[in-house]
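Me: I would like to learn how to read pockets and a sheet in a model. Please take them in turn.

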Amino acid sequence: MEYKTYIVNDKKVNVRIDRQAPMLGKGYESIVYLVQGKAFKLYRSYMLDKHNLGEKECWYLREIPTRRVLLPDQPIYDEKGKYYGYTAKALWKGEKEDFLEMSVSTFLENVKLLYEDASLLTKYHVLMDDFNENNVMVTEDQKIYIIDPGYFICYPLQKEKEEPKDLEKQNDLFIRTNLLFLLSSHIFSKKDEFGKEEFMNSFSHNKESFIYELIEEMKDCYTIQDYQKKILEEMEYKRVY
């Protein structure tokens with residue numbers, strides 16, 4: 001077993017980093033280890049000076065009390081004081097069936113909380129800027145999270161970038177798009193790209209209209225699986241006739 005010592009909240013933490021180490025995820029930019037019940041996102045060596053979520057962004061974002069947009073908890077340093085990443089709440093992804101069995105009322109409550117987080121981030125002048133279907137997660141206890149703030153832009157820390165006047169609209173659009181990513185990936189097969197695109201384009205971009213349309217579409221359904229059946233039947237009818 002291979003370990004490396006990092007500093008978190010002025011305390012030394014030994015992190016197992018070999019191939020058998022407990023992990024929550026990994027990608028080109030970083031590896032997320034499970035350490036003492038927390039997620040430790042550690043940037044790969046070639047990304048240490050290229051990542052978007054630096055030390056200043058970490059300190060800024062950790063002060064924002066979101067509930068469903070996962071933000072950093074503490075910065076992580078090596079023993080020489082170099083910033084290596086951040087800790088966050090550890091989440092366990094549920095199975096596809098967990099989402100399909102979610103009640104519509106629970107789904108809509110998740111939608112409400114996500115939009116509340118979007119409003120909060122707007123008040124803190126933060127833009128959510130990573131449209132990636134892998135960044136929306138349904139946990140085992142049927143909570144929907146946005147999980148990777150790596151490309152969020154904190155305008156109070158920016159000298160070269162001017163805050164867009166439609167920041168609130170862009171953050172609302174981010175939530176809408178990720179929710180539709182989530183729904184379409186569970187409703188349609190991986191090969192049905194046309195169905196996914198048609199489904200996502202059928203909703204309004206405006207926040208209020210989008211939420212209203214969701215409520216209307218789902219009002220006769222008890223679970224997301226009921227909604228999946230309804231959508232697939234409607235699309236099959238359209239394709240036949």
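Predicted model: local features only at pLDDT ≥ 70, side-chain atom pairs only at ≥ 80, totals over all residues.

Me: In what order do the seven strands form the open sheet?

Reply: Strands (E, at least two residues) and helices (H or I, at least four) are DSSP runs numbered from the N terminus; two strands pair if DSSP finds at least two bridges between them. Here the order is E2-E1-E6-E7-E5-E4-E3, with antiparallel pairing. Strand E2 (11–16) and E3 stand at the edges with a single partner strand each, so one side of each has no neighbour in the sheet.

Me: Which residue in E6 is the bridge partner of Val8?

Reply: Ile76 is that partner. Strand E1 (residues 3–8) and strand E6 (residues 74–78) pair over three bridges.

Me: Which residues lie nearest the centre of the largest pocket?

Reply: A pocket is an open set of points on a 1 Å grid over the protein atoms alone, where a 1.4 Å probe fits, with protein on both sides within 12 Å along at least five of seven lines; lining residues have an atom within 4 Å of a point. Gly25, Val32, Lys41, Ile147 and Asp148 lie nearest the centre, among 26 lining residues. Strands E3 (23–26), E4 (30–35), E5 (38–43) and E7 (83–89) each supply at least two residues of this lining.

Me: Which element gives the largest share of the second largest pocket's lining?

Reply: H4 does, with four residues. The lining has 18 residues, with Lys93, Glu133, Val136, Ser185 and His186 nearest the centre.

Conventions:
Residues numbered from 1 in each chain as written. Heavy atoms only, no water.
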